[in-house]
Amino acid sequence: MELLRLAALDAEDLTVISAHLQDAILRPEDLTYLAGEHRFLMVARRFDWTPDVPPRRRLAGVHFERVLTVKTRGLTPGDATPMSLLALTFTPTNAPSGHVDLVFSGGAAVRLEVECIEVRMKDLGPVWEAATRPGHDIDTRDTAAGTAA
């Protein structure tokens, strides 16, 4: 079992991490901001998009460095409802500064104001079979919270 390790230092790198985290399942309690360290952490159960293998998920850790502030929308602390991560996006403000947005199904979101992009993702080891492959109906607005398949 090969563990994936990725780093992002620009918007193009961030899209690669975003692709690997698409449809990851997590809960609000899996998100932590360490303001004194300017670090935002998350643990997710990412879907492994490796072709020609049965559907499976892996536990992955992600940390964002140089985070100045964190804003959330649609998240309730202590809520155990699983959320599906749709994408990570970057919007520059005063380059290299900008906002990294974590966009979830159901309209929830986290915005990180960052000095620059400095992100690392690492598989933490556990892997398990998933019931199904995630799918998206592009003709219907995705409003349901993701399920932990």
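Is Thr-50 buried, partly exposed or exposed? I find that Thr-50 is partly exposed, because its relative accessible area is 30%, where buried means under 20%, exposed over 50% and partly exposed in between, with a 1.4 Å probe and protein chains only.

I note that this is a predicted model, in which local features need pLDDT of at least 70 and side-chain atom pairs count only at pLDDT 80 or more, while totals for chains, interfaces and linings use all residues. Residues are numbered from 1 along each chain as its sequence is written, and side-chain values use heavy atoms, with hydrogens and water left out.

I placed Thr-50 in the loop between β4 (39-47) and β5 (56-64); strands are DSSP runs of E with at least two residues, numbered from the N terminus. From C-alpha to C-alpha, Thr-50 lies 9.7 Å from His-20, although 30 residues separate them in sequence.

I then turned to Asp-52, which is also found in the loop between β4 and β5. Asp-52 is not a glycine, yet has a positive phi of about 60 degrees, and Asp-52 is exposed, with a relative accessible area of 80%.

Next I looked up Arg-66, in the loop between β5 and β6 (67-73). Arg-66 is not a glycine either and has a positive phi of about 60 degrees, while its relative accessible area of 39% makes Arg-66 partly exposed.

My last entry concerns Pro-96, in the loop between β7 (83-92) and β8 (98-104), where a cis peptide bond with omega of about 10 degrees joins Ala-95 and Pro-96.

Note on methods
Helices (H or I, at least four residues) and strands (E, at least two) are DSSP runs, numbered from the N terminus.
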